[in-house]
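Please look at the sequence and the model below before reading on.

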Amino acid sequence: MKILELGKFYPPYRGGMETLLRSWAEGFAHKGAEVDCVVANDSARTVHEELNGVRVHRLASFGSLFSTSLCPAYPGSTRRYPADLWHAHFPNPLMDLACVRGPKEVPLVISYHSDIIRQAALMGFYEPLLKKLLARATRIIVATPQHIEYSPWLGAHRDKCRVIPFGIDLQRFEPTPAVLQQAAELKKNADGKRILLNIGRLVGYKGQRHLLEAARQLDAAVWLVGGGPLAGELKVLAQSLGIAPRVRFWETVDDALLPAILHACDVFVLPSVTPNEAFGLVQVEAMACGKPVVSCALRSGVPFVNQDGVTGLIVPPGDSAALAVALQRLLSDTALADRLGAAGRARAQSEFAEPVMIARYWDCFQEHLAGRR
């Protein structure tokens, strides 16, 4: 089987979609497929390389416009790299053009990561292309049922949709003696306080300000892992709330340290306030470490991952007071926190493990190629 992966960027470029793209590409290669992966480069030169059995084509890009790389060679990639099946990652207008312009007989499986939200004002121009893409698709795969329920575009294509949750490498988060030793050393920085952890870009929709406001009512340390344009504003907020001494900003963290940080925390908090947070893969990482999660009732897949009362607690988005109540409940009831954390770990292993995701996708691909034959 020859598979053409169509993504935005590829590791070492960092991001949730990029991590998943590598998992799919390497997973399919491991199953015996020939895999080409087309992405944009972050410079004006094209680079071809082979990484762990995947042929990666980083096409020259000349900047970006509305979060889309200006990559003139991308739309012709479906003709340049022949394949038995295309696996495309939405949203990405370059991918849309490549698929709509490519050979009509090739099956197209789309991984629909999220609706377009930030550039909603441009939908009047983009809608015709989007409709062509969805009509062209052989199968549309979403990570949660909520992706279909809340999308303004997928309802008309419900018969093409299939739910396959995202998966990650859970072995990274195993509580090995080395990881637990590192976690114990990190906990010393909290001065004996329980630790509330958030991992994510410091941007508005991630809602970290609500975690800081909630922490004013709690006797706990807050760790924010990630950089972003709101770093300065959040530091000022922590000062004004009088909690700066117990708030730690980890602006740059090596991936190897993340499992120890997760094991060091007591509760993981995802206070995102808009559906831009379509899944919250970092919730799965916390669940894999046996940590209870507090997240928000978004019109997205976030509540599908963290189930209220099962793996964690769900609160209204943007409600700092409700967030404080939920966090206090877990901090004061260790039996409840332990039960939710254990259930989260079991759910991560059964639903969100990388091999489970790869096997489900592989079955889908085989099904469509068999239908084509």
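V284 touches I168, L170, F279, V305, A348 and F352, not counting residues up to four places away in sequence, where a contact means heavy atoms within 4.5 Å. The model is a predicted one, in which local features need pLDDT of at least 70 and side-chain atom pairs count only at pLDDT 80 or more, while totals for chains, interfaces and linings use all residues. Residues are numbered from 1 along each chain as its sequence is written, and side-chain values use heavy atoms, with hydrogens and water left out.

**The chain as a whole**

The secondary structure comprises 14 helices and 16 strands; these are DSSP runs numbered from the N terminus, helices being H or I with at least four residues and strands E with at least two. The radius of gyration is 21 Å, which agrees with the value near 21 Å for a compact globule of 373 residues. That radius is taken over C-alpha atoms, and the globule rule is 2.2 Å times the number of residues to the power 0.38. Along its principal axes, the C-alpha trace spans about 60 × 40 × 40 Å.

Of the 373 residues, 55% count as buried, that is, under 20% relative accessible area, with exposed meaning over 50% and partly exposed in between (1.4 Å probe, protein chains only). Among contacts with a separation of 6 or more, 66% join residues 24 or more positions apart. The accessible surface comes to about 15,700 Å², and carbon and sulfur atoms hold 53% of that area; the areas come from the Shrake-Rupley method with a 1.4 Å probe, and for residues only the protein chains shown count as cover.

The chain carries 41 positive and 36 negative side chains, and the centres of the two sets lie 3 Å apart. Lys and Arg count as positive and Asp and Glu as negative, whereas His and the chain ends are not counted. Each charge is placed at NZ of Lys, CZ of Arg, CG of Asp or CD of Glu.

**Selected residues**

| Residue | Relative accessibility |
|---|---|
| L6 | 0% |
| N41 | 9% |
| S69 | 12% |
| G280 | 4% |
| V284 | 0% |

L6 lies in strand 1 (residues 2-6). Its contacts beyond four places in sequence include V38, Y74, W86, M95 and C99. The C-alpha atoms of L6 and D96 are 9.5 Å apart, although 90 residues separate them along the chain.

N41 belongs to the loop between strand 2 (34-40) and strand 3 (47-51). Which side chain makes a polar contact with the side chain of N41? It is that of S43, at 3.4 Å. A polar contact is a pair of N or O atoms within 3.5 Å; within protein, one must be able to donate a hydrogen and the other to accept it, and residues adjacent in sequence count only if both atoms are side-chain atoms. A polar atom of the N41 side chain also lies 2.8 Å from the backbone oxygen of R45. Beyond four places in sequence, N41 touches F9, V47, R58, L59 and S61.

S69 is in strand 6 (residues 68-69). Its contacts beyond four places in sequence include F9 and S61.

G280 occupies the loop between strand 14 (267-270) and helix 10 (281-288), and beyond four places in sequence G280 touches L270 and V302. The C-alpha atoms of G280 and G301, 21 residues apart along the chain, are separated by 7.8 Å. V284 is in helix 10; its C-alpha atom is 28 Å from that of D159, 125 residues apart along the chain.
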